Amino acid sequence: MTETTSILPDDDILAQALNWKKNGRDVALATVINTWGSAPRPAGSQLAIDETGQMVGSVSGGCVEGAVIQEALEIIKSGEPKTLEFGVSNDEAWEVGLACGGKINVFVEKLD
Amino acid sequence: MKTTLLEELQQARADKRQVVLATNLASGDQKLLYPFDNEDKSELSEAARNALRYDKPATFESDDGPVFLNIFNPSLRLFIVGAVHIAQALVPMAAGADYEVTVSDPRRSFGSSFRFPNVTLDNRWPDEALEELDPDRRTAIVTLTHDAKLDDPALQHVLKSDAFYVGALGSGRTHAKRQQRLLKAGFTEEDFARIHGPIGLDIGAKSPAEIAISIMAEITAVLRGKSKA
């Protein structure tokens, strides 16, 4: 008597991104590519955003997702990928920076 | 990212393949790498292999700029031979550490869902169950029965696989006898050296739960490269 478990959970971020795309929506993917100091989510963590601003996943503990969504909507229009920097060392980004004092880089790309 | 590439990535994940998404951060160019499917010795392949091995994404400095290597490893799996008391303590710990756990024991009074709720139970002979499980680089196996009839067939099966961790419960004396039997069965000293025995990190564990902790700690140490495989 055996059971099988699917490797892809129901809340799979990439599955949701693909699903949105198949339903005719434009989609962007954000991925944490580097962290320094105390960062809430490790490199590799992902957030998928659709053209209406809906999101699944996370790139921080909720600290920078708002700013990432804004950039993602721009990138959906332009189609040009971009690396965003958030953290204490960037004074201008402090408004949307990480309260924990860490620094993260987030790569944002459109799903073509 | 191209939708077709994302579809290929999702298929690879569903097929439980170890896959790396390589993204050139300057150009946005992307490709999927399956570094364990070939012997390629390039720095990129080695970096991708290490990222998968340590379960940690990495950035590779290529001639064309930084390349982010995001990793997609299949779930970790733990196969336990022997539905014994230690197994009852080990199952929830392993599940909590995100392992898909299977408990194998043909003795139904041991391997019952009463003793093991919420876990995959397999009442076939362990080597038969392992045949179907097909242990890979993300699989750990522990034998806990002390009974050569059950433990040995499982060990003989997994020593031919790529399982990252093999551990066998039993004293130094039991382990020495096990060595003799396996060598007689045609396995080499090198094969035998893959078995962690007596099982677990030496933390002075006495109770079943403490022994389970020492086993889980040893599996973790091997997985994360802090201890020999």
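**Note on a predicted two-chain model**

1. B:Pro135 is buried, its relative accessible area being 8%; this value falls below the cut-off, because buried means under 20%. The structure is a predicted model. B:Pro135 belongs to the loop that joins helix 4 (126–133) to strand 8 (139–143) of chain B.

2. The surroundings of B:Pro135 include residues from elsewhere in chain B. When its neighbours within four places in sequence are left aside, B:Pro135 contacts B:Arg77, B:Leu130, B:Ile141, B:His157, B:Val158, B:Ser161, B:Asp162 and B:Ala163.

3. The buried residues of helix 1 of chain B are B:Thr3, B:Leu5, B:Leu6, B:Leu9, B:Gln10, B:Ala12 and B:Arg13. They pack against elements of both chains: helix 1 (13–22) of chain A on the one hand, and strand 1 (19–24), strand 2 (30–33) and strand 4 (65–72) of chain B on the other.

4. Chain A contains an open sheet of 5 strands in the order 3-2-1-5-4, with antiparallel pairing. Strand 3 (55–57) and strand 4 (82–87) of chain A form its edges, each pairing on one side only. On average, neighbouring strands of this sheet are turned by 20 degrees against each other, direction ignored.

5. Within that sheet, strand 4 and strand 5 (residues 103–110) of chain A pair in the antiparallel sense over 6 bridges. A:Glu85 stands opposite A:Asn105, which lies in strand 5 of chain A.

6. Helices also pack on the sheet of chain A. Helix 1 of chain A touches strand 1 (27–36), strand 2 (46–50) and strand 3 of chain A, and its direction makes about 15 degrees with that of strand 2 of chain A. Helix 2 (residues 65–78) of chain A lies across strands 1, 2, 3, 4 and 5 of chain A and runs at about 55 degrees to strand 2 of chain A.

7. As to aromatic rings, the count of aromatic pairs over all chains is 0. Charged groups do lie over rings: A:Lys103 is over the face of A:Trp36, 4.2 Å from the ring centre. In chain B, the charged end of B:Arg137 sits over the ring of B:Phe36, at 4.2 Å from its centre.

Terms used
Residues are numbered from 1 along each chain as its sequence is written. Chains are lettered from A and ligands numbered from 1 in the order in which they are written. This is a predicted model: local features need pLDDT of at least 70, side-chain atom pairs count only at pLDDT 80 or more; totals for chains, interfaces and linings use all residues. Side-chain values use heavy atoms; hydrogens and water are left out. Buried means under 20% relative accessible area, exposed over 50%, partly exposed in between (1.4 Å probe, protein chains only). Helices (H or I, at least four residues) and strands (E, at least two) are DSSP runs, numbered from the N terminus. Contact means heavy atoms within 4.5 Å. Two strands pair if DSSP finds at least two bridges between them. Axes are lines fitted to C-alpha atoms, for helices over the stretch in contact, and angles run from 0 to 180 degrees between N-to-C directions. Rings of Phe, Tyr and Trp (its six-membered ring) pair if their centres lie within 6.5 Å; planes under 30 degrees apart count as stacked, over 60 as edge-to-face and the rest as tilted. A charge sits over a ring if NZ of Lys or CZ of Arg is within 6 Å of the ring centre and within 35 degrees of the ring normal.
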